[in-house]
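I opened the notebook with the sequence and the structure side by side. These entries record what I looked up, item by item.

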Amino acid sequence: MTMSAGWYLRRLSRMGPQEVAGRVGDAVRRRRWRAAPPEGPGVTGARFTAVLPAGTIAALPPDAVKRLVADADRLMDGHAEFFGVVRDDLTDPDWWFDPKTGRRAPAGYAFDVPYRSEDAVGDIKQIWEPSRHQYLTQLAAAYAVTGDERYAERVAAHLRSWWEVNPPLRGVHWISGIELGIRLLSWVWIRRLLDGWSGAAGLFEDNPVAVRQIWHHQRWLAAFPSRGSSANNHVIAEAAGQFAAACAFDWFPESARWRADALRSLDRHLRGNTYLSGINRELATEYHGLVLELGLAAVAEADAADVPVPASVRLVLLRMTDALAAIVDNRLRPPRQGDADDGYGLVVDGAGTERWGSLLATGEAVFGRLPWWPTVTGTDVRTPLLAALVKPAEPSTGRPAERPAHFADAGMTILRGPEEIWCRCDGGPHGFLSIAAHAHADALSVEVRHDGVDVLADPGTYCYHGQPEWRQYFRSTLGHNTLQLDGADQSVSGGPFLWTRHAETRVLSVDTSGEDTAAWSAEHDGYEGSVHRRRVELTPARRELRVIDEVRGPRRAVRLAFHLGPAITADLEGNLARLSWTKDGEDRSAVLELPGQLSWQAHRGETDPVLGWYSAGFGRKEPATTLVGSGFTDGTEGFTTVLGFRGQGGA
């Protein structure tokens with residue numbers, strides 16, 4: 001996908017004067033660096049002292065270590081999977097190759113590479129992801145736990161290869177700040193985990209090529225921060241990586257300044273990216289996880305280097321951790337709201353380690369758990385590694401005494417019922433900042449699970465670049481469990497990461513205090529001349545969820561969509577859908593009574609147009625059933641949907 005002149009004008013319209021001035025300065029600096037690239041200083045006598053405390057590795061949980069080593073052995077054989085694409089070439093990777101399209105990114109000055117064009121470059125996510133070097137942190141961790149030098153030697157070979165092929169400011173890996181920031185954090189941990197290896201110093205601090213790369217990464221991040229309408233999770237990754245490197249690789253005349261500037265940026269943008277309730281302002285749950293991981297990793301580096309951190313940094317991370325504990329279902333799965341690209345801040349665990357349980361375990365180790373927190377039974381490697389570096393936190397006051405159900409500033413409400421019924425109701429802002437880059441047109445949507453199984457599912461994200469029809473579908477109004485008028489989205493898209501008009505949503509009432517019925521009501525103005533109002537009621541005694549939709553305004557064409565999870569089988573007769581699935585070897589079922597005023601059809605795995613899909617992770621999709629009711633509004637009568645759960649075994 002290449003950006004048109006119209007896109008640039010729309011994008012410019014979402015910027016303020018200060019952001020425009022900053023971007024003009026960036027353009028001037030890029031031209032100057034092309035003519036005369038900055039040279040890094042010579043460094044002698046550098047030492048790495050940010051090591052793990054004695055005994056940390058020996059205390060790691062054996063089952064987590066076993067998973068890590070199993071993954072490391074697969075990597076040693078060259079096998080890996082990135083965004084649904086299986087690779088077997090990681091023994092000697094081509095750092096610019098995209099195995100999905102078979103294309104190779106062009107060489108040249110970094111800022112000339114048309115990375116948004118899949119025709120010219122390939123799928124940029126496929127190229128960038130291995131160069132975050134998070135698979136190398138896994139190999140370095142495998143060395144740390146086994147002492148097997150094969151892992152360390154493979155890490156060294158790949159780093160030397162990458163540094164040779166990707167000199168400063170040349171090629172596709174010097175374009176995006178988030179990539180440089182996460183890569184720096186990976187290098188810090190690689191050096192830490194290889195500390196017992198005799199070749200560690202020769203790979204890093206005694207290696208002029210490595211020192212030059214580390215300096216140029218930090219110089220780049222200091223020069224080109226994400227600005228204004230782009231200051232979302234990207235700026236957090238940039239600041240966290242810059243700060244981590246300036247703490248652990250404190251070898252340069254600029255290190256103190258870079259460290260101070262990065263910490264100020266991290267403090268400012270953690271607060272700016274997070275509601276007071278602790279929910280991330282992008283309203284995209286996976287980015288909540290990414291930002292939390294990056295923030296915790298940055299605090300670990302600060303404490304390891306004895307660098308004071310503003311209390312506000314720890315407070316935001318504490319609130320984010322408590323919010324995560326509040327919104328997960330009984331299987332520790334959070335909402336699937338907004339964009340998701342499987343991005344991690346720090347990877348030292350093997351497959352099978354539960355991401356959200358791991359984050360909560362780290363939160364418990366750093367901040368302490370509250371009585372209402374869900375129990376985490378799994379183990380991981382990352383938590384004890386980070387906890388070994390982080391200083392004990394002072395007891396914090398003001399934490400919620402009971403599990404919150406409504407996050408007013410974020411417009412998120414969680415209704416819970418018996419047999420682990422979980423329902424998320426979306427009454428929040430469209431997204432974050434003027435472009436709302438990672439938002440979906442999903443106002444008033446609901447997401448319903450039963451014992452962790454997606455029943456009424458948020459279909460996910462699937463892709464960012466290169467497949468516009470799929471990108472449009474997964475972020476569309478029809479692609480969510482909400483109501484569409486006249487075939488249009490509630491908010492107006494100006495590009496794959498740009499919304500030019502945002503639907504305004506208002507929560508009208510929330511009642512989660514009673515035992516009889518929990519209820520939520522909200523409305524939005526995304527359709528000019530009409531208001532869509534929705535009420536959701538969960539009645540525990542009847543194991544029943546009721547959704548009432550009203551449209552106030554003139555007669556209009558309406559489509560009401562309900563997306564079923566991939567595990568759900570649906571038998572649709574008229575306006576009655578019988579749902580069934582299996583969980584832990586037991587048959588489960590529910591009945592979905594749909595509004596009789598609409599004509600209902602089931603769609604599954606359709607491509608013209610796209611409809612009936614579920615994406616479990618970035619780059620992956622599978623057919624799933626979507627029920628769509630079509631008809632007209634008359635301005636008075638509402639549409640009522642009732643989802644009734646049966647007991648285990650269908651009783």
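**Entry: Thr91**

In which loop is the place of Thr91? I find Thr91 in the loop between β2 (85-87) and β3 (97-98). I note at the outset that this is a predicted model. Thr91 touches Met76, Asp77, Gly78, Arg154 and His158. I checked the last of these by distance. Thr91 and His158 are 67 residues apart in sequence, and their C-alpha atoms are 8.5 Å apart in space.

**Entry: the whole chain**

I then stepped back to the chain. I count 17 helices and 27 strands in it. Along the principal axes, the C-alpha trace spans about 75 × 55 × 45 Å. Does the radius of gyration agree with a compact globule, or disagree? It agrees, because a compact globule of 651 residues would have a radius near 26 Å and the chain has 25 Å. Of the 651 residues, 59% are buried.

The accessible surface comes to about 24,300 Å². Carbon and sulfur atoms hold 49% of that surface. For charge, I find 71 positive and 82 negative side chains. The centres of the two sets lie 5 Å apart.

**Entry: nonpolar cores**

In soluble globular proteins, nonpolar side chains tend to be buried together. I looked for such groups here. The largest nonpolar core has 139 residues. Which of its members touch the most other members? They are Val172, Trp187 and Leu194. A second, separate core has 38 residues, including Tyr527, Ile568, Ala590 and Trp600.

Leaving aside neighbours within four places in sequence, Val172 is in contact with Trp96, Ala105, Val113, Val121, Ile124, Ile127 and Trp128.

Most residues other than glycine have a negative phi, and most peptide bonds are trans. I searched for exceptions. Which residues does a cis peptide bond join? The bond is between Asp608 and Pro609, with omega about 0°. Pro609 sits in the loop between β22 (606-607) and β23 (610-611).

Ala436 is not a glycine, yet its phi is about 45°. Ala436 is in the loop between β7 (421-426) and β8 (446-450). With a relative accessible area of 1%, Ala436 is buried. Leu444 also has a positive phi, near 70°. The loop between β7 and β8 holds Leu444 too. Leu444 is buried, at 0% relative accessible area.

**Entry: Ala503**

Where does Ala503 lie? I find Ala503 in the loop between β12 (498-501) and β13 (505-511). Ala503 counts as buried because its relative accessibility is 5%, under the 20% limit. Beyond four places in sequence, its contacts are His430, Gln490, Ser491, His524, Asp525 and Gly526. I also took one distance. Ala503 and Asp329 are 174 residues apart in sequence and 28 Å apart in space, C-alpha to C-alpha.

**Entry: Arg559**

Arg559 is in strand β17 (residues 557-563). It is partly exposed, with a relative accessible area of 30%. What does Arg559 contact, leaving aside its neighbours within four places in sequence? I list Leu478, Thr482, Leu483, Gln484, Gly487, Val628, Gly629 and Ser630. I then compared sequence and space for one pair. Arg559 and Arg543 are 16 residues apart in sequence, and their C-alpha atoms are 26 Å apart.

**Entry: Ala70**

My last stop was a helix. Ala70 lies in helix α3 (residues 62-76). Its relative accessible area is 33%, so Ala70 is partly exposed. From Ala70 to Val299 is 229 residues in sequence and 29 Å in space, C-alpha to C-alpha.

How values were computed. Residues are numbered from 1 along each chain as its sequence is written. This is a predicted model: local features need pLDDT of at least 70, side-chain atom pairs count only at pLDDT 80 or more; totals for chains, interfaces and linings use all residues. Side-chain values use heavy atoms; hydrogens and water are left out. Helices (H or I, at least four residues) and strands (E, at least two) are DSSP runs, numbered from the N terminus. The radius of gyration is taken over C-alpha atoms; the globule rule is 2.2 Å times the number of residues to the power 0.38. Buried means under 20% relative accessible area, exposed over 50%, partly exposed in between (1.4 Å probe, protein chains only). Accessible areas come from the Shrake-Rupley method with a 1.4 Å probe; for residues, only the protein chains shown count as cover. Lys and Arg count as positive and Asp and Glu as negative; His and the chain ends are not counted. The place of a charge is taken as NZ of Lys, CZ of Arg, CG of Asp or CD of Glu. A nonpolar core is a set of buried Ala, Val, Leu, Ile, Met, Phe, Trp, Tyr and Cys residues joined through side-chain atoms within 4.5 Å. Contact means heavy atoms within 4.5 Å.
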